[in-house]
Amino acid sequence: MTKRSTSPAGRPLSPCVHICQIEPTTSVCHGCGRTLDEIAGWGSMTEAEKAPVWERLESEGYVSAS
């Protein structure tokens, strides 16, 4: 069995880039652009729940549009 590195939507499984620095005033990660709540819940979120987060991250320049 092969491990998948992309989601069914063709995006990476996570926007994490291993630069985990949280801005204290906004609780947003400088590396991936997600909030602490988004990071904490990412593993249990559905693709539909992740979609608006991905769209925001793309519009803010944290990730490239797929």
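**Close-ups of a predicted model**

Gly33 counts as buried, at 0% relative accessibility (buried is under 20% relative accessible area, exposed over 50%, partly exposed in between, using a 1.4 Å probe and protein chains only). This is a predicted model, where local features need pLDDT of at least 70, side-chain atom pairs count only at pLDDT 80 or more, and totals for chains, interfaces and linings use all residues. Residues are numbered from 1 along each chain as its sequence is written, and side-chain values use heavy atoms, leaving out hydrogens and water.

**View A. Around Gly33.** Leaving aside residues up to four places away in sequence, Gly33 touches Val28, Glu38, Arg56, Leu57 and Tyr62 (contact means heavy atoms within 4.5 Å). The C-alpha atoms of Gly33 and Val63 sit 8.9 Å apart, though 30 residues separate them along the chain.

**View B. The largest nonpolar core.** Six residues make it up: Trp42, Met45, Val53, Trp54, Leu57 and Val63. Such a core is a set of buried Ala, Val, Leu, Ile, Met, Phe, Trp, Tyr and Cys residues joined through side-chain atoms within 4.5 Å. Beyond four places in sequence, Trp42 touches Leu13, Ser14, Pro15, Arg34, Lys50, Val53 and Trp54.

**View C. Arg11 and its partner.** Arg11 is buried, at 13% relative accessible area. Its side chain meets that of Glu58 in a polar contact of 3.1 Å (a pair of N or O atoms within 3.5 Å; within protein, one must be able to donate a hydrogen and the other to accept it, and residues adjacent in sequence count only if both atoms are side-chain atoms).
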